[in-house]
Structure formats: structure tokens, C-alpha cells
Amino acid sequence: MQKEEILHIFPDFMRPRWEKVAEQADRLQEIRLRVGQPVTVLMENKEKFLSERGELTDEISYAGCSDEKELEAILAHICHYSIYAYADEIRQGFMTIRGGHRIGLSGQVILEDGERIRNIKYIRYLNIRIAHEVRGVSDKALPFLYSRGEVLNTLIISPPGCGKTTMLRDLVRNISSGSIYGKGRNVGLVDERSEIAGSYLGIPQNDIGLRTDVMDACPKREGMMMLIRSMAPEVLAVDELGNAEDVEAMHRAIQCGCKMLATIHSFSLEEVGCKTYMKKVLEERLFDRYLLLGKKNNRCIITGIYDRERKLCSNLQESCC
């Protein structure tokens, strides 16, 4: 990643302060800006503070604080000085920018009819999440996720922060482009939060393979059915199964002949089974493989791969990012 990519997040007059941060772009994970609070920078899971002069420090007493004008200037710059043109993205609480980086937004919510979010005003909190595309993290798992050249229905199980989205993205890339384990397949990707493909103006900023079609910023349930009707995918990929509606749509997709790649937040297979909406999935053995992620020595690893009977196929213990 080039440091210019990070600097271009900020208006010209702010860039000198961010020079030293941008020089460490490959280590950078998050930049958090909150009105009246110190600027924090997350690098390799370690929190740093940014001084007014652009120095990174561990001492909060040296930290510079954000103000309203600073956040308003950054937001205007990100929106190309036409905030109204980005009203749909702002309403969702995040925006994806060039390079696949994601800007989380928080402020005062304006409701329509007392329920639906119409807009967010007085945006006083920004979370700039830096995208890091890691190719090859799924290579070691790949041989366990095919049978006679066919992709197996696979559920990635991971606690927060253990690389599930990175793993899913790389699996999509490998399955779409093809490998020694199977020919390239048409993959339909429902990228509800624009995190997997990292699409900017409809164009993926991340490598998701040669044969992948993306339904960006679309709810999983609707996106799966739309892709089946319009793009005839052989494999469907979705991130974060979170409710019964997601599972119902996934079930219908499998009945339509699609293979599934999906992720879920959990610490173990047993915990997945405790989720009400997942009990039927396990009982009916919809997934042929369960790929578990975790952490060891502060690195994300594959902790195990299980078959549809929930028996261990491999305890790779391989670093995955």
C-alpha cells in the first residue's frame, strides 16, 4: 500500500500532520477521530496517539484532539464536496472509498416515520478502517474444501478480529480464478458492508477473482436471491450470518443448486449450535466443512477444519494473516 493512498483520505491542508502515519501504511489498521478527544491510531493491534505536530506517541498528554471543523473538512473531502450525493452511504453509517478503505460514521440520527433512518447529522465521530488485502491466506485450507473438483459448502467460524473476512475474500478469489483443486467457478458475492470486495463506484478494489459478480451494499437475504435470478452463480458467498432470515435465504440458495461460503461470529462449533437460528443448519448438515479461526501469539490462525459430522479433518494451526 502506498502512503499517498492514506494521505488522500485527508484534505490537502491536513496532510503534513499525517505524513509519518502514512509512511507506516502497511502496519496501519485504524484511525479514530472524535470531537474533543485525542486522535488514536491503531497499528499492529497497539494504540498510539497523534500529536498536533504529527508525532506518534504512547503518552496521552502529548495527543492532539479533533474538533468539529476538522471532521467536517474530512467528511466533505471524502464526499468530493457534495455530501448530499452520498446520503445513502451516510444513512448506512459507513462509506467505502478508493482503495477499499472504510469510513465509519457516528452522530445524531434523523428518523423517518419514527423508525427508518433518514440521515445522520452532526457527524462527530469517524473510524477510518484501513483495508489490507492478504493474498494466499486460504491456500493451506483449500485442499480440504474441495471434493473431486467440486466446492464444498463451507462455514467460516471466527471470534471478532481473527481474520474471517480476509479468509472469505481469499477463498472467493481462489474459487473464482480456479486452482489445482478445481476449475474456476462463477461466484456471486453479497457484500453487505462493502468489506469483502471493497467496491468503490461499483468497482472492486480488492482481488476477488476472475469470475466473481458483486451485489454491493445489499442485505444478504435479498442479495442472494437477486444474484441467483440474474447472474446464475455456481457458488454464493456471504459474510456474517446473523439471523433466521439470512439462514432461510441460504437454505433456498442451496436448494437452487448453489454451493455456499459463509461466515459467522463464534468461538467454537458448540457455540454456533447454541444460536437458535443455526440449530437446524447443524442438524440438517447443510455445511460440508467448518473452518475455525482463532489467535495464537497475537496472530490469526486456522485452528481446525471439521467435516459435516463435525469430526476433525485437520488441525492446521496455520497462520492466516
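A pocket, as the word is used here, is an open set of grid points with protein on both sides within 12 Å along at least five of seven lines. Keep in mind as you look that the model is predicted. Its largest pocket has a volume of about 1200 Å³. The lining comprises 34 residues, and those closest to the pocket's centre are Gln29, Ile130, His132, Gly163 and Thr166.

Which elements supply at least two residues each to this lining? They are E1, helix H5 (164-177) and strand E16 (299-307). Helix H5 gives the most, with four residues.

Seven strands make up an open sheet with antiparallel pairing, and you can trace them in the order E4-E3-E2-E1-E7-E6-E5. Strand E4 (56-57) and strand E5 (94-96) are at the edges; each has a single partner strand, so one side of each is left without a neighbour in the sheet.

For a closer look at one pairing, follow strand E2 (residues 40-43) alongside strand E3 (residues 46-50): the two run antiparallel and are joined over four bridges. Here Leu42 stands opposite Glu47 in E3.

Two helices pack on this sheet. Helix H2 (residues 15-22) touches strand E1 (28-34), E2, E3 and E4, and its direction makes about 150 degrees with that of E1. Helix H3 (residues 68-78) touches E1, E5, strand E6 (102-112) and strand E7 (116-129), with its direction at about 100 degrees to that of E7.

Definitions and conventions:
Residues numbered from 1 in each chain as written. Predicted model: local features only at pLDDT ≥ 70, side-chain atom pairs only at ≥ 80, totals over all residues. Heavy atoms only, no water. Pairing = 2+ DSSP bridges. Contact = heavy atoms within 4.5 Å. Axes fitted to C-alpha atoms, helices over the stretch in contact; angles between N-to-C directions. 1 Å grid on protein atoms, 1.4 Å probe; cavity = no way out; pocket = protein on both sides within 12 Å on 5 of 7 lines; lining within 4 Å. Points joined across faces, edges and corners; volume = space filled by probe spheres on them.
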